[in-house]
Amino acid sequence: MKRWVAILAAVALLFGAAGAGLVAVLALRGTDRSALDASPVPSDLDPRLAPAGLEAYYSQELAWERCGDHECATLKVPMDYSAPRRGDVSIAVLRVRALGDPIASMVVNPGGPGGSGTDYAKNASFAFSKELRRHVDVVGFDPRGTGRSTAIDCVNDDELDVYVAQDPTPSTPAEVLRARSLSMQFGAGCAALSGDLVDHVSTIEAARDMDVLRASLEESRLTYFGASYGTKLGATYAELFPQRVGRLVLDGGVDVTLDSQTMSVEQARGFETALRAYVSHCVAATERCFLGSDVDEGVATVRQILDDIEAEPLQVGDRTLTGGLAFYGAVTPLYVSNYWPMLSTALRTAQAGNGTALLALADTYTGREESGFRDN
């Protein structure tokens with residue numbers, strides 16, 4: 001059990017807190033670029049030089065405090081960059097000091113959208129090489145609307161349990177109607193519980209927040225590592241602040257020209273490729289793969305396991321492993337081949353009627369702890 005806890009903690013680096021997938025529609029939606037255009041940066045690259053009206057934000061000093069083995073601070077940014085007087089948003093920041101003399105602060109984002117950059121930085125020893133960490137301070141932040149920053153709230157924990165447990169691939173009119181109803185309820189809850197902030201959780205605004213963070217770190221140019229959706233965030237930053245770009249690593253490039261529907265189809269194809277690779281490895285690496293004797297048979301077996309759970313959910317203590325949760329549990333280990341043994345364990349035990357492992361993987365994906373969803 002202890003081994004599973006340690007492994008799941010590592011897997012969690014790939015995913016955000018409960019808000020990660022759920023705020024995606026907010027983080028990716030369009031924002032008026034004319035209202036958010038950044039002022040040009042003169043060639044002297046004063047780290048604190050600010051766009052007009054934002055001087056107070058760009059000149060702030062971060063008050064670092066110890067938080068466990070690391071340092072934490074809170075950054076203030078305007079909720080609405082086109083009208084800074086409308087109020088502030090708090091951005092949670094965590095710094096892991098370099099092992100040697102740092103040459104820069106490297107800001108990191110794990111994707112999501114909405115993944116916790118503070119958790120990502122906290123686990124820098126897992127995510128980044130020792131050689132890199134010798135030369136940079138790793139700095140993570142929770143994007144606005146998520147995690148420990150000023151967060152979007154949409155539904156209570158019980159309603160969120162229902163939302164994430166729903167069938168992710170509704171195929172009947174009744175399932176489509178239910179999915180639409182839950183989505184409408186979720187969206188209405190965001191507007192009702194989160195006020196004006198719900199209109200200001202976008203990729204562009206998160207990129208602008210990164211520039212305020214860069215200034216507060218007293219860096220003339222941004223050093224940045226972004227994975228998955230963090231690729232889009234980094235590319236957006238480069239578009240808005242080309243003269244502030246230092247070393248940017250965009251790991252897992254996202255085609256920013258794609259609309260959300262096309263992007264979802266492309267992601268589904270990626271999962272299909274990963275699933276077939278996983279099954280192929282099982283067939284090749286074991287004398288008798290429990291999924292079948294070839295890739296097509298193995299993929300069909302995985303599909304059957306998920307279909308069986310959708311038809312007859314598995315009881316796990318006082319919770320239920322639904323088809324939707326089983327789906328999230330199955331895709332979680334597909335992100336990294338090192339986690340394929342966990343997927344085999346989860347699928348094999350689910351096939352035997354025990355959904356514990358598959359539910360644990362689903363909880364990792366959605367950011368749910370045993371007592372409920374993580375507090376902001």
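The axes of helix H16 (residues 340–351) and helix H17 (residues 356–366) come within 7 Å of each other and cross at roughly 130°. That angle makes H16 oblique to H17, because under 35 degrees counts as roughly parallel, over 145 as roughly antiparallel, 65 to 115 as roughly perpendicular and the rest as oblique. Axes here are lines fitted to C-alpha atoms over the stretch in contact, with angles from 0 to 180 degrees between N-to-C directions.

This is a predicted model, where local features need pLDDT of at least 70, side-chain atom pairs count only at pLDDT 80 or more, and totals for chains, interfaces and linings use all residues. Residues are numbered from 1 along each chain as its sequence is written, and side-chain values use heavy atoms, leaving out hydrogens and water.

Here's who touches whom (contact means heavy atoms within 4.5 Å):

| H16 | Met342, Ala346, Thr349, Ala350 |
| H17 | Ala357, Leu358, Leu361 |

Sorted by type, the residues of this H16–H17 contact are six nonpolar, one polar and no charged.

Now for the strands. E6 (residues 222–227) runs parallel to its partner E7 (residues 245–251), and five bridges join the pair; pairing takes at least two DSSP bridges. Tyr224 has Leu248 in E7 as its bridge partner.

As for cysteines, the count is three disulfides, each a pair of cysteine sulfur atoms within 2.5 Å. One of them joins Cys67 and Cys72, with the sulfur atoms 1.9 Å apart. The Cys67–Cys72 link is right-handed, with 80° about the S-S bond.

Conventions
Helix = DSSP H or I, 4+ residues; strand = E, 2+ residues; numbered from the N terminus. Nonpolar A, V, L, I, M, F, W, Y, C, P; charged D, E, K, R; others polar.
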